[in-house]
Amino acid sequence: MIRFRPLALAAVAALALGGATAPAQQAPSLNERLTGDLAPTHDPVIAREGDTYYVFGTGHGDRLVETRSSTDLIHWTAGAPVFTKLPEWATKAVPGTNGLWAPDIAFVNGRWRLYYSVSTFGSNRSAIGMATNATLDPKSPKFAWRDEGVVVQSEPADDFNAIDPNFVIDREGRHWLSLGSFWSGIKLFELDRKTGKLLHPKEHRYSIARRLAPAGAAAPVEAPFIVAHGDYYYQFVSYDYCCKGVNSTYYTVVGRSKEITGPYLGKDGSSLMNGQGTIFLRADLQEKQRFRGPGHPGWLRDKDGREYVVYHAYDREKNGAPTLRIAPVTWGADGWPVAAQ
């Protein structure tokens, strides 16, 4: 009688199936490979200078605007904060504030501009300031952040909240700042090309996204980011609630418009001004999903043409810590972006 060893039996089985072999394992995603100082990261934006990537985010404690850097998009190291003390103008404009939130970073007219938010939680007595630097490299002799003061403010009597800035240049070379959180939604202000501050003293603004809610109820929409692609501008905004750890319900939608001032519509024609749009980032609703509440996106168009979305999500395995996430973005044949979460 012939006796087969287990391996021989496996080989016979493979031959019986026509030589079939086990499917190759899928390569880990960029998010699965991220390592280093990933938390706490909240409201991140990303830029590249030379061979180094830099992420800026909401500050914690006396670290006013957090920084991280990487040379490969995978291994991240925390750096010194942009500020360790609130600008004097900020404490006067927003009494009781103790932090700087939700920055944006852009290279404009030979200098880096960092727009940042000043507020207190749940209030629209808020302001957006700007700091500039010749370089993002802290080892350079040219490195020095210079605060340029206030850009735009909101008061309790206003229908908007001046936080979550995003700087964008349109195809005609005009400069804009989108911003907003809750209240009547996302606004768009035109900026002076030289100063980076409001072009119109009376703060003429456009409404470009909002959530509909009964009078007196919360209307959770915030964190705008506008990206130009093809014939369109794509506006990303985050809906529902952040900042609740694993109970966060944040998710991100997108709409597009041929004009930077809108209207921004989703794939199905639904309007961001009606609290709709197309879902771009959302956690799996099953409780097994590790990273919850993905949102507050930033964008990187790298030197090789590849594009990435940077965002935060809350890690169930680390007590809900807000954690850095980065996903490559591809554009479908239908002209809509897809993130490889």
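Predicted model: local features only at pLDDT ≥ 70, side-chain atom pairs only at ≥ 80, totals over all residues.
A residue is called buried when its relative accessible area is under 20%, exposed when that value is over 50%, and partly exposed in between. By this criterion aspartate 302 is buried, because its relative accessible area is 7%.

The protein has three helices and 21 strands, and of its 341 residues 51% count as buried. Its C-alpha atoms fill a box of roughly 95 × 50 × 40 Å, taken along the principal axes. The radius of gyration is 23 Å, which agrees with the value near 20 Å that a compact globule of 341 residues would have. Among the contacts with a separation of 6 or more, 50% are made by residues 24 or more positions apart.

One part of the strand content is an open sheet of four strands, which follow the order 6-7-8-9 with antiparallel pairing. Its edges are formed by strand 6 (101-108) and strand 9 (146-154), each of which pairs on one side only. Neighbouring strands of this sheet are turned against each other by 20° on average, with direction ignored. In general, the strands of a sheet pair through backbone hydrogen bonds, in either a parallel or an antiparallel sense. Strand 6 pairs with strand 7 (residues 111-118) in the antiparallel sense over six bridges, and isoleucine 105 has leucine 114 in strand 7 as its bridge partner.

Which loop holds aspartate 302? Aspartate 302 lies in the loop between strand 18 (291-301) and strand 19 (307-315). Leaving aside residues up to four places away in sequence, aspartate 302 touches Arg48, Tyr53 and Tyr308. Two polar contacts give detail to this setting: the side chain of aspartate 302 meets the side chain of arginine 48 at 2.8 Å, and a polar contact of 2.6 Å joins the side chain of aspartate 302 to that of tyrosine 53.

Arginine 48 also forms a salt bridge with aspartate 51, in which the closest N and O atoms are 3.8 Å apart. Aspartate 51 is exposed, because its relative accessible area is 57%, whereas arginine 48, at 24% relative accessibility, counts as partly exposed. Salt bridges that share partners join Arg48, Asp51 and Asp302 into one network, in which Asp302 is buried and Asp51 is exposed.

The structure holds 15 salt bridges, including two that deserve a description of their own. Aspartate 159 forms a salt bridge with arginine 205, the closest N and O atoms being 2.9 Å apart. This pair links distant parts of the chain, since aspartate 159 is in the loop between strand 9 and strand 10 (166-169) and arginine 205 is in strand 13 (residues 205-209), 46 residues apart. Aspartate 159 counts as partly exposed at 36% relative accessibility, and arginine 205 counts as partly exposed at 29%.

Glutamate 317 forms a salt bridge with arginine 290, with 3.4 Å between the closest N and O atoms. Here too distant parts of the chain are linked: glutamate 317 is in the loop between strand 19 and strand 20 (321-331), and arginine 290 is in the loop between strand 17 (278-281) and strand 18, 27 residues apart. Glutamate 317 is exposed, with a relative accessible area of 59%, while arginine 290 counts as partly exposed at 29% relative accessibility.

Definitions and conventions:
Residues numbered from 1 in each chain as written. Heavy atoms only, no water. Pairing = 2+ DSSP bridges. Helix = DSSP H or I, 4+ residues; strand = E, 2+ residues; numbered from the N terminus. Axes fitted to C-alpha atoms, helices over the stretch in contact; angles between N-to-C directions. Buried < 20%, exposed > 50% of the residue type's maximum accessible area, 1.4 Å probe, protein only. Polar contact = N/O pair within 3.5 Å; in protein donor to acceptor, adjacent residues only side chain to side chain. Contact = heavy atoms within 4.5 Å. Salt bridge = Lys/Arg side-chain N within 4 Å of Asp/Glu carboxyl O. Rg over C-alpha atoms; globule rule 2.2 N^0.38 Å.
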